[in-house]
Amino acid sequence: MQQKKPHSLAEKYNGFSSRYVTQAFTKFAKAVIDRYGGQVKYWLSFNEQNGFFFEPGFDNTGFINGKRDLLTLYTITNNTMVAHAEIANYLHAHYPNDQIGGMLAYQEFYPATSHPQDVFAARKASEFINQHFVDAFTKGHYSAEVLQYMQNHDLMSSIQPNDLALIASHHNDFLAFSYYYTVALDHTKLTPNTPPNYYMRDASVPNPYLESSEWGWQIDALGFRNVLTKLSNETALPIFPIENGIGIREESLNHEVIQDDERIAYHRDHIQALKDAVDEDGAHVVGYLGWGLIDIPSSKGDMNKRYGVVYVNRTNHDLKDLARIPKASFYWLQKVIQSNGEQLD
């Protein structure tokens, strides 16, 4: 029998909008667990599980060439949560010493002004993009507000019989998330028909109190602390930020060391914010992973946007010699790790 490759599954079935693909992934995940269970301490089923929900072009779920209507997006949301719940239950049943967590791209929203409509938009965006997933991961049920929206807009067919019972049956041992920037929302950019999961796409405006990267991602270490403390307070679970970094356009001529002070400052400030969340706010944080170790194509497939502390000598279309050249941030990070975060200068 010919095996179906992931790309062909996406092309033929439109990825996780298909319950067939959902079941195939769950079967694959169980096989991986059976092979590595007991050897891996922390497990994740999906990376940034909410990513496609607020950015239709963000395809981390094998979602290639099909419709991007709301029903499809809500179907993928439910199917991936069903898969995660089944995988978590399987891991806990067979490898009780291993831990699994839900993972989302957490988006911290600010109202652009003190206008009540901006405040309302920021809260509602967070409910759909963040809390809907956090509730499923930590409480075993979807957001009541999101479910009401689904009922009002004929989206409940995305949920199959027994799905909610399966989601309610699972639990997570920690909550993981990625954090890069915060977003300010201006309600005047929205229409009455804008779906709340698209508020971020349609209503984002620059925050005048924050600096931005070249790609418009606003740098906000205090926002990182706020998210860590908020999630720790709300969920009573260990919190694990597993992606955090800044993309910078860089070039190493003749293999010289890049002095990436901007990256060092970004990670220094965010690690300090994490320490403040733990030491001053009492947040339960189990670790920190920066993005990333070496330069790789970003989520948009662009080598110009470099996150690594090690430079990779290539461009989007020229592989050159693929040399690995540690940046100044590499040597800074060595000292940070050796001191367990005590030496950040």
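**Reading a pocket, a helix and some salt bridges**

Biologist: How many residues of the lining of the largest pocket are nonpolar, polar and charged?

Modeller: The lining divides into 17 nonpolar, 10 polar and seven charged residues. Keep in mind that this is a predicted model.

Biologist: What volume does the largest pocket have, and which residues are the closest to its centre?

Modeller: Its volume is about 840 Å³. There are 34 lining residues, and Glu55, Tyr181, Trp217, Ser299 and Lys305 are the closest to the centre.

Biologist: Which helices and strands each supply at least two residues of that lining?

Modeller: Look at strand β5 (182–185), helix α8 (199–203) and strand β6 (204–205). Each gives at least two residues to the lining.

Biologist: Now a helix. How do I read α4 (residues 70–94)?

Modeller: Start with the general idea. An α-helix has 3.6 residues a turn, so residues three or four places apart point the same way. Then look at the span. Helix α4 has 25 residues and reaches 36 Å from its first C-alpha to its last. That is close to the 36 Å expected at 1.5 Å a residue.

Biologist: Is α4 largely enclosed or open?

Modeller: Helix α4 is largely enclosed by the rest of the structure, because 20 of its 25 residues are buried.

Biologist: What sits at the start of α4?

Modeller: Aspartate 69 does. One of its side-chain oxygens comes to within 3.1 Å of the backbone nitrogen of leucine 71.

Biologist: Next, charges. How many salt bridges does a search of the whole structure find?

Modeller: The search finds 16. Take glutamate 250 and lysine 327, whose side chains meet at 2.6 Å, N to O. This pair links distant parts of the chain, 77 residues apart. Glutamate 250 lies in the loop between β7 (239–243) and α10 (261–279). Lysine 327 lies in the loop between β9 (324–326) and α11 (328–338).

Biologist: Are glutamate 250 and lysine 327 buried or exposed?

Modeller: Buried means under 20% relative accessible area. Glutamate 250 has 13%, so it is buried. Lysine 327 has 0%, so it is buried too.

Biologist: What about arginine 263 and aspartate 260?

Modeller: Their closest N and O atoms are 2.7 Å apart, in a salt bridge. Arginine 263 is buried at 0%, and aspartate 260 is buried at 3%.

Biologist: And arginine 268 with aspartate 269?

Modeller: That salt bridge has its closest N and O atoms 3.3 Å apart. Arginine 268 is partly exposed at 31%. Aspartate 269 is partly exposed at 36%.

Biologist: Which residues are linked in a network of salt bridges?

Modeller: Glu250, Asp260, Arg263, Asp295, Arg306 and Lys327 are linked in one.

Definitions and conventions
Residues numbered from 1 in each chain as written. Predicted model: local features only at pLDDT ≥ 70, side-chain atom pairs only at ≥ 80, totals over all residues. Heavy atoms only, no water. 1 Å grid on protein atoms, 1.4 Å probe; cavity = no way out; pocket = protein on both sides within 12 Å on 5 of 7 lines; lining within 4 Å. Points joined across faces, edges and corners; volume = space filled by probe spheres on them. Helix = DSSP H or I, 4+ residues; strand = E, 2+ residues; numbered from the N terminus. Nonpolar A, V, L, I, M, F, W, Y, C, P; charged D, E, K, R; others polar. Expected span 1.5 Å × (residues − 1). Buried < 20%, exposed > 50% of the residue type's maximum accessible area, 1.4 Å probe, protein only. Polar contact = N/O pair within 3.5 Å; in protein donor to acceptor, adjacent residues only side chain to side chain. Salt bridge = Lys/Arg side-chain N within 4 Å of Asp/Glu carboxyl O.
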